[in-house]
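Student: I have a model open and want to read its features one at a time. Where do we begin?

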Amino acid sequence: MANAREILEKLIGFPSVVGSANAPIVSYIRDYFAALGAHVSELPGPEGNRSNLFVSMGPRDRAGIILSGHTDVVPIEGQPWTSPAFALRQGGDRLYGRGTSDMKRFLAAAMAVAAGVNAEKLRRPLHFAFSYDEEAGCRGVPHMIEAIPSICALPASCIVGEPSQMIPILAHKGKAAVKFTVEGTAGHSSRPDRGLNAIHGLSTLLAKAVAQSDLLKHKQQNELFLPSYSTLQVGVIEGGLSLNVIPQFASFDVEVRAIPGAEPYSLLEPIFKAFPELEKVGLKVKADRLSEYPGMELPEDSDLATLMTRATGRNPIRAVSYGTEAGLFAKTGIPSIICGPGNVDRAHKVDEYILLSELNECCSVLDRIASDLAA
């Protein structure tokens, strides 16, 4: 098995911030797997400067297992790091650097394990799905999932390596995020009769959002989640230039997190139904989708849950309220589970870190999974 720490050091050295070009890190990973004799598919996204990677080892005409992770990380601006964020630093058992927790450490572990795999002995394939722009709402992975049927047989399962302390997670909520914008007519505030106040119009949509947020508390419930219902919240409001100017534009960003079985985007319908009311008085209204992914729920007695319980030696967590790319894989008919090293509480923070012992444990678990494919 290759040295996962050394691979992680290489990966951390690439400042692959979400929304930016990722050719350097993609090239490194592509060349690494190519040197192992793996089948590598580089899948450019529509942005033109970012790509996914889908790698296969073993017979691609059979249903195998995907190890899934994302190459992008969140920005470091405004965070007072005590050492360079894009250079791995070790302090005792801790490995510091942007992406050590979320989630280049899983990529490093998967790549280290791959070096020890004899592809000719695999009865079922081991796949590696490395996406881009996960931190922007899972924008990259749909393009890769769409391409999978042209690359290999539909995989039997997918392990998404988000930080879970190597405890398998069986379910998560879905999400939809939308920016609602109202356009009015600017003018001097002394003559509001000659303008159309976009903020006033936006308040109608905002009231619908707040009402829907309260209503969802009493709708469909799933006691596996905290809270047990789908949620809606407005997180950003923008509008206006000056107090003496009738605001021409106003907007807010809203997200819903839906329990499995509820379609996230549909929970915003009460806001959309208010559009005609604003348009009737001359305001223009639009909605821009920011991100969307479905919920995911894996049965406790599924083959994948059983495999991960055996490989990790830990009983699964039934559900979490955040979301991952696992929901998108599951939606396409690939049973999925979340399991990765580290703690999500360390992610996105200053001096983000992973324990070397956690990285090594992940390698051991993934090695057991790879061995299972050869049995």
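Tutor: One point before we start. This is a predicted model.

Student: Understood. How many helices and strands does the protein chain have?

Tutor: The protein chain has ten helices and 17 strands.

Student: How does the radius of gyration of the protein chain stand against that of a compact globule?

Tutor: A compact globule with 375 residues would have a radius of gyration near 21 Å. The protein chain has 23 Å, which agrees. For the extents, take the C-alpha trace along its principal axes: it spans about 75 × 45 × 40 Å.

Student: Now the sheets. What holds the strands of a sheet together?

Tutor: Strands pair through backbone hydrogen bonds, and the pairing is either parallel or antiparallel.

Student: How many bridges join β9 to β14?

Tutor: Nine, with strand β9 (residues 174–183) running antiparallel to β14.

Student: Let me try a three-stranded case. What is the strand order in that open sheet?

Tutor: The order is β4-β5-β17, with antiparallel pairing. β4 (89–91) and β17 (353–355) are the edge strands, each pairing on one side only. From one strand to the next, the twist averages 25°.

Student: Which residue of β5 stands opposite R89?

Tutor: Y96. Three bridges join β4 to β5, and the two run antiparallel. A helix packs here as well: α10 touches β4, β5 and β17, and its direction makes about 65° with that of β17.

Student: On to helix pairs. What describes two packed helices?

Tutor: The angle between their axes and the distance between the axes. Start with helix α1 (residues 4–12) and helix α2 (residues 23–35), whose axes come within 10 Å and cross at roughly 150°. The cut-off for roughly antiparallel is over 145 degrees. α1 and α2 are therefore roughly antiparallel to each other.

Student: Which residues of α1 and α2 meet?

Tutor: I7, K10 and L11 in α1 meet I25, Y28, I29 and Y32 in α2. By class, the contact has six nonpolar residues, no polar ones and one charged.

Student: What does helix α10 look like as a partner of α3?

Tutor: Helix α3 (residues 104–114) and helix α10 (residues 356–374) have axes that come within 9 Å and cross at roughly 45°. They are therefore oblique to each other. α3 passes α10 in a right-handed crossing.

Student: And the side of α3 that faces this partner?

Tutor: R105, F106, A109, A110, A112 and V113 are the contact residues in α3. In α10 they meet L359, C362, C363, L366, D367 and A370. That contact counts ten nonpolar, no polar and two charged residues.

Student: At what angle do the axes of α8 and α10 cross?

Tutor: At roughly 130°, with the axis of helix α8 (residues 303–312) coming within 9 Å of that of α10. α8 and α10 are therefore oblique to each other, and their crossing is right-handed. From α8, the contact takes L307, M308, R310, A311 and T312; from α10, V365, R368, I369 and D372. The classes are five nonpolar, one polar and three charged.

Student: What is phi of C138?

Tutor: Near 60°, a positive value in a residue other than glycine. Find C138 in the loop between β6 (126–131) and α4 (141–147).

Methods: Residues are numbered from 1 along each chain as its sequence is written. This is a predicted model: local features need pLDDT of at least 70, side-chain atom pairs count only at pLDDT 80 or more; totals for chains, interfaces and linings use all residues. Side-chain values use heavy atoms; hydrogens and water are left out. Two strands pair if DSSP finds at least two bridges between them. Helices (H or I, at least four residues) and strands (E, at least two) are DSSP runs, numbered from the N terminus. Axes are lines fitted to C-alpha atoms, for helices over the stretch in contact, and angles run from 0 to 180 degrees between N-to-C directions. Angles under 35 degrees count as roughly parallel, over 145 as roughly antiparallel, 65 to 115 as roughly perpendicular and the rest as oblique. A crossing is left-handed if the near helix is turned anticlockwise from the far one by less than a right angle, and right-handed if clockwise. Contact means heavy atoms within 4.5 Å. Ala, Val, Leu, Ile, Met, Phe, Trp, Tyr, Cys and Pro count as nonpolar, Asp, Glu, Lys and Arg as charged, and the others, Gly among them, as polar. The radius of gyration is taken over C-alpha atoms; the globule rule is 2.2 Å times the number of residues to the power 0.38.
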